[in-house]
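Dear colleague,

Please find below the sequence and structure that I am handing over to you. My findings follow directly after them.

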Amino acid sequence: MDAKIVKINDAMIALEKIARAQIKTDEDRLLVASALMAVTRNLYLETLGPVDTARVFASIVESFEFVEEMIQHTRPTIH
């Protein structure tokens, strides 16, 4: 496996474990997710700067919209 993919996988596993340990209630899910988003934003800003960070986040939004559109088109219509 490519070293970068391994790094991403290892980080995801470790960070998810830490994040889930912080969740005690349903509300905590959103609070922890918000914290992860803030940390992610800060890391992108430090590495890419504000313009490219905005592009990354715009791409993420577009991917959510694309997936939602695909789901809408694959749901069966009940007549």
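Is Q72 buried, partly exposed or exposed? Please bear in mind that the model is a predicted one. Q72 belongs to helix 3, and its relative accessible area is 43%. Buried would require a value under 20% and exposed a value over 50%, so Q72 counts as partly exposed. Between the C-alpha atoms of Q72 and A3 there are 36 Å in space, and these two residues are 69 apart in sequence.

Helix 2 comprises residues 26-48, and helix 3 comprises residues 50-74. With its 23 residues, helix 2 spans 33 Å from its first C-alpha to its last, which is close to the 33 Å expected at 1.5 Å a residue. One of the residues in helix 2 is N42. The relative accessible area of N42 is 34%, and N42 is therefore partly exposed. N42 lies 28 Å from M1, C-alpha to C-alpha, with a sequence separation of 41 residues.

The loop between helix 2 and helix 3 contains G49. This glycine, just after helix 2, adopts a positive phi of about 90°. Is G49 buried or exposed? The relative accessible area of G49 is 16%; because the cut-off for buried is under 20%, G49 is classed as buried. G49 and A38 are eleven residues apart along the chain, and their C-alpha atoms are separated by 15 Å.

I turn next to the packing of the two helices. At what angle do the axes of helix 2 and helix 3 cross? The crossing angle is roughly 135°, and the axes come within 7 Å. The handedness of the crossing is right-handed. On the side of helix 2, the contact is formed by M37, T40, R41, Y44, L45 and L48. Helix 3 contributes P50, D52, T53, V56 and F57. Sorted by class, the residues in this contact are seven nonpolar, two polar and two charged.

With kind regards

Conventions: Residues are numbered from 1 along each chain as its sequence is written. This is a predicted model: local features need pLDDT of at least 70, side-chain atom pairs count only at pLDDT 80 or more; totals for chains, interfaces and linings use all residues. Side-chain values use heavy atoms; hydrogens and water are left out. Axes are lines fitted to C-alpha atoms, for helices over the stretch in contact, and angles run from 0 to 180 degrees between N-to-C directions. Helices (H or I, at least four residues) and strands (E, at least two) are DSSP runs, numbered from the N terminus. A crossing is left-handed if the near helix is turned anticlockwise from the far one by less than a right angle, and right-handed if clockwise. Contact means heavy atoms within 4.5 Å. Ala, Val, Leu, Ile, Met, Phe, Trp, Tyr, Cys and Pro count as nonpolar, Asp, Glu, Lys and Arg as charged, and the others, Gly among them, as polar. The expected span of a helix is 1.5 Å times one less than its number of residues. Buried means under 20% relative accessible area, exposed over 50%, partly exposed in between (1.4 Å probe, protein chains only).
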